[in-house]
There are 2 protein chains.
Amino acid sequence: MSLGDMTNLVRMRWEPDAVGRLQQAAFELFSELGYEDTTVAEIAARAGLTKRTFFRHFSDKREVLFGGSEQLTELLVTGILEAPESATPMQAASAGLDACSQMFTERHGFAAQRAELIASSPELQERELIKLASMKAAATSALVQRGVPETTAELVAETAQTVFQVGFNRWIAQDDPAAFSLLMSEALEDLREVTAL
Amino acid sequence: MSLGDMTNLVRMRWEPDAVGRLQQAAFELFSELGYEDTTVAEIAARAGLTKRTFFRHFSDKREVLFGGSEQLTELLVTGILEAPESATPMQAASAGLDACSQMFTERHGFAAQRAELIASSPELQERELIKLASMKAAATSALVQRGVPETTAELVAETAQTVFQVGFNRWIAQDDPAAFSLLMSEALEDLREVTAL
């Protein structure tokens with residue numbers, strides 16, 4: 001048995017950070033072979049794990065790219081709930097977005113590559129869109145918890161999503177990995193301008 | 001052979017309005033049995049057609065609920081392109097939305113039931129979201145064709161989607177089937193208000 005085989009054996013038994021390794025392996029393989037042409041078996045093999053371990057952590061092949069979404073939702077919701085009492089609904093939503101942006105700032109290169117990968121597959125786009133919709137629903141609930149009326153909360157959450165998406169697209173297209181939060185503020189300003197009478 | 005059998009036979013041979021009949025059958029069955037518990041074979045049988053005919057018209061079970069989306073995109077794009085030259089980007093986008101709203105106005109009950117059905121299934125939600133994303137992309141291109149810079153076009157198309165979704169949700173929740181366009185105007189006004197400094 002080679003050292004590599006032994007390492008894999010130990011890994012399979014203990015699976016330390018199985019999630020992280022599967023995500024890393026999937027990301028590499030999707031980039032090398034394309035999303036459609038990568039199998040779950042190949043992802044598991046590259047991570048030195050079994051297919052069964054893969055499915056213990058992810059419901060399907062797509063899900064491996066969306067590991068951070070619960071954490072992101074939590075940052076968003078906490079950011080909204082902890083905004084000063086005097087904050088307007090939109091200011092509270094912006095505080096939530098700023099909290100999220102911290103998760104991205106250190107992963108600019110990864111975020112850009114991941115966005116490219118998602119754009120390459122309708123299946124991945126579908127999953128991305130439903131994650132965003134669920135974040136929007138969570139933001140709406142958080143705003144309602146702050147006492148914002150339901151219809152206003154929905155509108156603000158939708159608008160926050162626009163600010164996030166437009167800011168995000170501008171951010172991954174540029175080289176300054178620190179500017180995400182700033183680009184979202186600019187997107188909101190631009191939004192005010194384009195909707196002005 | 002009963003008269004019903006004969007009618008089905010003629011239908012199977014000629015398939016007049018196969019698409020419409022499959023949509024109607026799917027809609028009924030999804031409402032009766034639930035989306036998950038309805039099979040394509042059952043939809044085809046209810047429409048007096050074969051499974052093969054179903055797949056000639058729709059790529060999968062979900063797609064049968066999204067038959068009008070190409071037509072809707074065409075209305076949106078034409079509405080944007082044909083807006084007066086003097087229209088601001090947001091006004092052009094609003095003209096596109098108004099054009100779309102005509103397609104809904106006569107189908108208020110159907111639209112409300114369909115929305116309920118979609119909300120009942122994550123699979124259907126995914127498909128709905130990707131259809132909306134593709135409409136947004138079409139709106140962005142139409143705005144760019146009018147000479148709107150790409151980044152502004154994207155922002156305006158996103159905002160138009162917000163106005164559409166918020167207006168739509170308010171519209172299906174109320175009883176006046178004529179008011180969709182009006183509710184979108186109100187949503188845009190509310191959006192201005194919530195984003196004001």
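This is a predicted model: local features need pLDDT of at least 70, side-chain atom pairs count only at pLDDT 80 or more; totals for chains, interfaces and linings use all residues.
Through which surface do the copies meet, judged by the interface residues of chain A and chain B? The copies meet through the same surface, because 100% of the interface residues of chain A are also interface residues in chain B. Residues are numbered from 1 along each chain as its sequence is written, while chains are lettered from A and ligands numbered from 1 in the order in which they are written.

**View 1. The helices of chain A.** Chain A holds 10 helices and 0 strands, where helices (H or I, at least four residues) and strands (E, at least two) are DSSP runs numbered from the N terminus. Along the sequence the pattern reads α-α-α-α-α-α-α-α-α-α, and the C-alpha atoms of chain A fill a box of roughly 70 × 30 × 30 Å along the principal axes. Of the 197 residues in chain A, 36% are buried, a residue being buried if 20 or more other C-beta atoms lie within 10 Å of its own, exposed if 12 or fewer, and partly exposed in between, with C-beta atoms placed from the backbone. Among the contacts in chain A with a separation of 6 or more, 60% join residues 24 or more positions apart; two residues are in contact if their C-beta atoms, placed from the backbone, lie within 7 Å.

**View 2. The crossing of α8(A) and α9(A).** The axes of helix α8 (residues 122-145) and helix α9 (residues 150-173) of chain A come within 8 Å and cross at roughly 135°, the axes being lines fitted to C-alpha atoms, for helices over the stretch in contact, with angles from 0 to 180 degrees between N-to-C directions. The two helices are therefore oblique to each other, since angles under 35 degrees count as roughly parallel, over 145 as roughly antiparallel, 65 to 115 as roughly perpendicular and the rest as oblique. Residues of α8(A) that take part in the contact with α9(A) include Leu132(A), Lys136(A) and Leu143(A), and those of α9(A) include Glu150(A), Val156(A) and Gln161(A). By class, this contact has 8 nonpolar, 2 polar and 4 charged residues, where Ala, Val, Leu, Ile, Met, Phe, Trp, Tyr, Cys and Pro count as nonpolar, Asp, Glu, Lys and Arg as charged, and the others, Gly among them, as polar.

**View 3. The contact between chain A and chain B.** The contact takes 27 residues from chain A and 27 residues from chain B. On the side of chain A that touches chain B, the elements giving two or more residues are α6 (89-105), α8, α9 and α10 (180-195), and the largest share, 12 residues, comes from α9(A). That side of chain A has 13 nonpolar, 8 polar and 6 charged residues.

**View 4. The surroundings of Gln23(B).** Gln23(B) lies in helix α2 (residues 18-33) of chain B and counts as buried, because 20 C-beta neighbours are found inside 10 Å. Leaving aside neighbours within four places in sequence, Gln23(B) is in contact with Val64(B) and Gly67(B). Gln23(B) and Val64(B) are 41 residues apart in sequence, yet their C-alpha atoms are 5.7 Å apart in space.

**View 5. The loop at Ser120(B).** Ser120(B) is found in the loop between α7 (108-119) and α8 (122-145) of chain B, and counts as partly exposed, with 15 C-beta neighbours inside 10 Å. The C-alpha atoms of Ser120(B) and Glu36(B) are separated by 9.5 Å, although these residues are 84 residues apart along the chain.
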